[in-house]
Amino acid sequence: MIDYRRAISVLCVLVLGLVLPLQSIALTAQGDPENNAYQAKIGELEQAGAADTANLAVEVSGAGYARLSGDGIRAGDFEGRKDVLVWESASGQVDYDIELPETGFYNIYVEYMDAGAYPEALERGLTVNGETPYSGIDTFVLGQHYRYDAYPFGLDADGNEKRPKQLAVKAWYTEPIADKTGMTSAPLKFYMKQGTNRLSLTGVRGALAISRIIVKSPELIPSYNDYEASLKFAKTPSTFIQSVEGENPSEISSPSIQLFSISEAGVSPETYGKRKYNAIGGSSWRLPQQWVEWQINVPEDGTYQIGIKYEQADNNALSSFRTVEIDGKLPFREMANVAFPYRTSWQNKVLGDEQPYGFRLAKGKHRIRLTVTSEPYLNIYQSLGRTSEAISKLDVEIKKITGVTSNKQIDLFKRYDLKKYMPDLDKQLHELAAGIREQIAALSRLTGSAASGFDVLLAEAERLEDYAKRPDDIPKSVDSLTRVEANVANFAASLAFQPLLVDTIMVKSADAEFPKAGAGFWQALGFFFKSFSASFTNDYDTKKGSEGTIEVWVQRNRDYVDLMQQYANEYFTPLTGYKVNVNYIPGADVLVLANAAGKQPDVVTGVGMDTPFNFALRNAVVNMNEYNEYGELSKQFAPGTLIPFRYNGGDYALPEEATMNMMFYREDVLNQYRIPVPQTWEDVKKIIPSLQQNNMNFWAPQGDWLTFFYQNGVELYTPDGLDVDFDTPQGFAAFKYMTDLYVKYNLPQVITSFYQHFRQGDVPVGISSISDYVLLRLAAPELSTSWKIAPIPGTMDDSGTNERWQGGDVRGVMIMKTTKERQDKAWAFVKWWMSTETQARFANELENNYGLEFRWYSANPEVVKRTPWEPQDKEVVLEQLKWFKGIPYVPGGSYMTGRELANAWTGTVIDKGNYREKLEQALSSIQREMARYRREYGLSGGSQ
């Protein structure tokens with residue numbers, strides 16, 4: 001099982017790059033205080049006399065639109081409702097005219113149902129009377145609802161709990177238009193005038209049906225004191241307490257919110273020896289607008305107290321915040337932003353703390369919902385954003401004076417005398433440091449943590465103070481201030497992430513006591529002995545299958561293993577009669593040892609590109625093209641994804657996933673500066689000056705020699721695989737073209753996080769892994785309509801075709817050499833597993849169960865067509881997949897080629913060497929190693 005509490009939390013601390021020119025031109029909503037200007041705008045309107053309206057509500061049916069444009073939108077009946085707008089596309093526009101009796105603030109609610117074939121985010125753009133109401137809030141998201149298919153959870157053959165399926169709940173819901181960034185917990189308020197007001201919705205993402213648009217006065221939420229006054233005559237039940245397990249929610253908002261099996265004393269229910277899910281959330285429950293809802297049942301009318309047993313050890317020193325709603329309502333204002341302080345052990349969070357709040361509940365069932373909110377951090381977030389932007393502007397001014405914008409321009413012995421040109425430079429630096437220290441103090445007050453807990457900010461404040469004492473140290477590194485700006489911006493961005501791990505939800509009468517959160521001495525001791533005993537009777541690594549069972553080893557995490565085992569049991573075994581035993585392995589080393597001991601599995605999936613070659617070289621895997629069905633089966637995959645698995649005329653694996661690079665671009669930034677999206681590398685060269693003049697740049701991954709070789713018709717090796725084939729004029733020209741982008745055009749040599757630069761806008765176009773698509777979708781909601789993907793730039797051939805070839809990473813499935821009977825069974829499994837139907841079903845269920853983070857990057861174009869990509873993005877992915885061309889593996893070259901070409905790139909770009917000399921050195925080393933390898937394995941041919 002993935003450790004979400006650790007692995008996903010890396011999204012919260014993304015570090016900016018090291019090489020310029022990479023300064024922010026204008027921070028996005030995540031960093032620009034003006035871009036998240038909702039509160040400021042509301043304040044301005046209130047100062048001008050605007051106020052909330054009271055007790056007003058106007059609604060219009062979904063089919064009662066004033067104007068409609070675009071395909072896939074119609075009015076009609078849907079799921080038992082009449083006069084519904086059915087919006088099946090992610091494009092088009094629908095306008096509604098709303099007649100309002102008064103001028104003032106209103107909330108907007110949408111009654112809707114998901115109308116898609118599979119669940120996905122439902123996002124629409126919004127304008128009011130032709131204008132975006134607030135800068136940075138131009139779209140809104142309507143939530144999805146999921147539930148588990150069973151509780152208690154089922155058990156597998158070894159007595160471990162199986163992760164439940166997450167089922168989308170199709171129903172009509174009414175939700176307010178809210179801030180998708182999570183920086184405002186209450187429904188957004190919109191200022192509208194008396195008379196006709198036009199609300200325009202535009203398609204962004206997802207298919208939905210709209211039953212009603214409701215515009216009504218903001219609800220007046222009482223303080224707890226006012227709420228408490230209404231409880232004077234309410235009964236107080238006696239001696240009642242109920243605990244609801246955290247892992248048993250009635251509904252959740254996203255399949256990304258995961259269950260955990262935590263083997264610790266005191267966690268309910270206890271688990272040792274066997275997997276038992278006993279907590280929910282952690283770092284998988286951290287994103288804006290994510291919520292979890294539990295159902296409680298109270299025995300009589302009265303007032304009750306509520307507690308949550310939690311752990312929050314992921315955001316060091318920071319509190320996580322939740323909005324607490326009862327039966328879909330905020331009971332009083334104090335529940336808008338409930339703090340869960342940083343704690344490394346289990347704690348009870350009593351709502352109301354030392355003086356618990358009383359909640360009026362009628363007899364029967366009630367829903368308690370906790371929703372992620374970052375609102376308490378808003379002022380700190382905006383202040384750090386302003387500081388980050390000020391540092392960036394100061395950095396640009398200093399570079400204008402010094403002319404140092406790249407490493408090659410640094411002169412460690414030159415005296416710049418910056419104070420001569422910027423007399424107040426030390427003052428500016430001290431003020432920036434003071435601003436950071438003010439926010440550290442604000443964080444301490446808000447969270448109760450010591451200032452030392454915010455060591456990232458403290459370090460940057462001290463760095464600025466050091467630069468104030470010695471300003472001429474700044475030009476001695478090209479990224480002196482860039483790093484400061486990046487770390488401040490990254491810390492601000494991390495405030496949007498609010499992880500929380502929940503064990504139990506507790507409801508009790510005032511006279512009862514909440515159970516202690518931690519285990520007592522005797523409980524902890526008993527747990528230790530039970531866990532110790534279980535360690536002798538449980539095999540935590542592998543499951544044992546019966547004689548004749550197909551053994552499948554999976555080089556992926558346990559969530560994939562569980563789903564594959566379920567699929568094999570439900571579909572493959574009834575079809576063939578063959579039983580399957582699926583196990584997790586941590587890496588190829590385990591497979592090497594098992595093979596040497598004669599205990600190899602039948603099938604291995606999720607293997608890296610080099611594994612089939614290494615085992616084929618040792619005659620340890622099956623050549624699949626010896627099976628008659630292989631030719632037809634292999635036609636399903638993008639041809640270039642098969643290349644890494646071919647050796648010496650054999651085909652030793654089939655490709656499951658192909659991870660490739662895409663070009664990402666910020667449409668808003670490029671449009672602002674009238675910079676076109678490049679289609680070729682010559683186009684890239686043309687836009688670089690415009691980008692750099694505005695303190696921006698293009699990002700191309702360093703040393704991507706495979707792309708430039710392939711796009712210029714250069715192969716790595718001769719057809720027989722016995723020698724290199726890029727020691728040609730075309731090969732040298734392709735290598736020079738690639739290195740010139742860095743040497744002559746000053747592209748950044750390194751950036752640690754393309755995601756963060758792209759989000760800030762200082763790298764508004766660049767090439768990065770397709771996995772960044774998911775990262776941007778999940779972690780940058782404010783940019784949802786601002787970025788797009790495209791195929792990577794190509795090279796025009798003589799016929800006018802734009803060749804966009806590139807390499808990438810492929811993970812595949814192979815069959816180990818055993819006996820003919822076992823191999824034939826294994827081939828039957830591989831045929832079923834790699835079929836389009838199985839792969840498409842698996843890809844969709846994987847994402848439905850675990851969320852967008854588990855997007856399956858299939859090497860089969862037909863599977864890609866059937867998975868839930870946005871329609872326009874799907875076409876881009878399919879186009880790039882056509883140009884995928886994996887790296888071939890040959891003896892001696894499989895590891896030496898990449899190493900030596902990386903050295904040649906470094907020698908040319910970093911060390912300023914001659915490109916031809918460095919490439920010739922690389923060629924010589926590669927050829928020597930290939931010759932040595934052939935001698936070692938008794939192979940012949942090639943350069944000696």
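Colleague: Why is threonine 239 called exposed?

Modeller: Its relative accessibility is 68%, and exposed means over 50%, buried under 20% and partly exposed in between, with a 1.4 Å probe and protein chains only. Threonine 239 therefore counts as exposed. Keep in mind that this is a predicted model, in which local features need pLDDT of at least 70 and side-chain atom pairs pLDDT 80 or more, while totals for chains, interfaces and linings use all residues. Numbering starts from 1 along each chain as its sequence is written, and side-chain values use heavy atoms, without hydrogens or water.

Colleague: What makes aspartate 327 count as partly exposed?

Modeller: Aspartate 327 has 30% relative accessibility, so it falls into the partly exposed class. Aspartate 327 belongs to the loop between strand S21 (320–326) and strand S22 (338–340). Its phi is positive as well, near 55°, and again the residue is not a glycine.

Colleague: Is tyrosine 146 buried or exposed, and how do you know?

Modeller: Tyrosine 146 has 5% relative accessibility, and therefore counts as buried. Tyrosine 146 is part of strand S9 (residues 146–148). Leaving aside neighbours within four places in sequence, its contacts (heavy atoms within 4.5 Å) include Pro119, Leu167, Val169, Ile252 and Pro255.

Colleague: Which class does serine 835 fall into, and what value decides it?

Modeller: Serine 835 has a relative accessible area of 18%, so this residue is buried. Serine 835 lies in the loop between helix H20 (820–833) and helix H21 (836–850).

Colleague: What does glutamine 242 touch?

Modeller: Not counting residues up to four places away in sequence, glutamine 242 touches Ile296, Asn297, Ile505, Met506 and Val507. Glutamine 242 is in strand S15.

Colleague: Why are H4 and H8 called roughly antiparallel?

Modeller: Helix H4 (residues 378–402) and helix H8 (residues 480–494) pack at about 165°, with their axes 9 Å apart. Angles under 35 degrees count as roughly parallel, over 145 as roughly antiparallel, 65 to 115 as roughly perpendicular and the rest as oblique; H4 and H8 are therefore roughly antiparallel. Axes are lines fitted to C-alpha atoms, for helices over the stretch in contact, and angles run from 0 to 180 degrees between N-to-C directions. Among the contact residues are Leu384, Ile391 and Ile398 of H4 and Leu481, Val488 and Phe491 of H8.

Colleague: How does the model arrange H17 and H24?

Modeller: Helix H17 (residues 729–743) packs against helix H24 (residues 893–909) at an angle of about 45°, with axes 10 Å apart. That angle makes H17 oblique to H24. In their contact, Phe735, Met738, Thr739, Tyr742 and Val743 of H17 meet Leu901, Ala904, Trp905, Thr908 and Val909 of H24.

Colleague: Which residues touch the most other members in the largest nonpolar core?

Modeller: Leu654, Phe698 and Phe726 do, in a core of 142 residues. A nonpolar core is a set of buried Ala, Val, Leu, Ile, Met, Phe, Trp, Tyr and Cys residues joined through side-chain atoms within 4.5 Å. Another core, of 40 residues, lies apart from that one, and Leu418, Leu443, Ala461 and Ala492 are among its members.

Notes:
Helices (H or I, at least four residues) and strands (E, at least two) are DSSP runs, numbered from the N terminus.
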